[in-house]
Structures are given as C-alpha cells and as structure tokens.
Amino acid sequence: QVHLVESGGGLVQPGGSLRLSCAASGSAFSINDIYWFRQTPGKQREFVASVAWLGGTNYADSVKGRFTVSRDDAKKMVYLEMNSLKPEDTAVYYCRFLVDGNFYWGQGTQVTVSS
C-alpha cells in the first residue's frame with residue numbers, strides 16, 4: 001500500500017507563486033509516472049501536469065509556461081512549482097502516483113488565488 005500526502009497549498013494573490021509537494025510512503029515500491037490533477041466544486045477532476053519515470057513532462061495548455069513539475073525519487077517526492085497564478089487556478093490539487101501498475105491518490109491540498 002502507498003500513502004500520499006500533499007502539502008503547500010494556501011491563499012495567494014493573483015500573480016503570486018506556490019510550491020506544492022507530495023510525499024509517498026509505504027513498503028518498498030517502484031514509482032512509475034506521477035501526475036497532478038485539480039478539481040473545483042461541480043467539475044470533474046482535470047489533468048494539470050505529469051512527469052514520467054524517465055523525466056519527461058507534460059502540461060495542460062492552461063498551465064504551460066507557468067507551472068513546473070519535478071520529482072525526487074530518492075525522497076519519493078513530487079513537486080509542482082506554480083507561478084503567475086490566476087484566480088482560475090483556484091482548486092483542490094491532487095497528486096497521483098502510478099506504482100507497480102496501480103494508481104494511488106493523495107487527499108488533496110486547497111489552492112486559492114484571490115485578492
């Protein structure tokens with residue numbers, strides 16, 4: 001079993017920055033791809049960014065050029081650096097790990113962009 005915990009969310013003004021982290025714990029496992037999703041009330045969870053086990057990254061068009069995803073496999077961590085934040089980035093952000101063929105989700109961290 002893999003347990004994921006996100007952190008780093010909060011309230012930030014438009015144009016500001018936040019760095020989200022997601023830590024994985026559990027028995028020995030091999031991490032494959034890692035994803036960030038976000039969700040707002042009444043909407044489906046949407047893809048934000050991903051980083052493959054070889055390091056290749058993908059981003060939703062809405063965050064390209066503003067968000068950067070990175071991973072530290074030694075620490076079993078993934079990060080999402082978010083810059084130039086907009087009110088429409090307000091959401092609960094979730095990490096998802098692909099481990100040994102199974103997907104695991106974190107509990108989410110709230111990001112609110114507002115003046």
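Predicted model: local features only at pLDDT ≥ 70, side-chain atom pairs only at ≥ 80, totals over all residues.
Visitor: In what order do the four strands of the open sheet stand?
Guide: Strands here are DSSP runs (E, at least two residues), as helices are (H or I, at least four), numbered from the N terminus. Two strands pair if DSSP finds at least two bridges between them. The pairing in this open sheet is antiparallel, and the order is 1-3-8-7.

Visitor: Which residue is the bridge partner of Val2 in strand 3?
Guide: Strand 1 pairs with strand 3 (residues 18-26) in the antiparallel sense, over six bridges. Along strand 3, Ala24 stands opposite Leu4. The bridge partner of Val2 is Gly26.

Visitor: Which residue in the turn between strand 7 and strand 8 has a positive phi?
Guide: Strand 7 pairs with strand 8 (residues 77-82) in the antiparallel sense over six bridges, and Val69 has Leu80 as a bridge partner. The two strands form a hairpin with four residues between them. The turn residue with a positive phi, of about 55°, is Lys76.

Visitor: How many residues apart in sequence are the parts tied together by Cys22 and Cys95?
Guide: A disulfide is a pair of cysteine sulfur atoms within 2.5 Å, and the sulfur atoms of Cys22 and Cys95 are 1.9 Å apart. Both cysteines are buried (under 20% relative accessible area; exposed is over 50% and partly exposed lies in between, with a 1.4 Å probe and protein chains only). Cys22 lies in strand 3 and Cys95 in strand 9, so the parts they tie together are separated in sequence by 73 residues.

Visitor: Is Trp53 buried or exposed?
Guide: Trp53 sits in the loop between strand 5 (46-51) and strand 6 (57-59). Not counting residues up to four places away in sequence, Trp53 touches Ile31, Asn32, Asp33 and Arg71, where contact means heavy atoms within 4.5 Å. With a relative accessible area of 53%, Trp53 is exposed.

Visitor: Which side chain of opposite charge is nearest to Arg96?
Guide: Arg96 is in strand 9 (residues 91-99), and its contacts beyond four places in sequence include Leu4, Phe37 and Trp105. Lys and Arg count as positive and Asp and Glu as negative, with His and the chain ends not counted; a salt bridge is a side-chain nitrogen of Lys or Arg within 4 Å of a carboxyl oxygen of Asp or Glu. Arg96 is buried yet has no salt bridge. At 7.9 Å away, the nearest side chain of opposite charge is Asp33.

Notes. Residues numbered from 1 in each chain as written. Heavy atoms only, no water.
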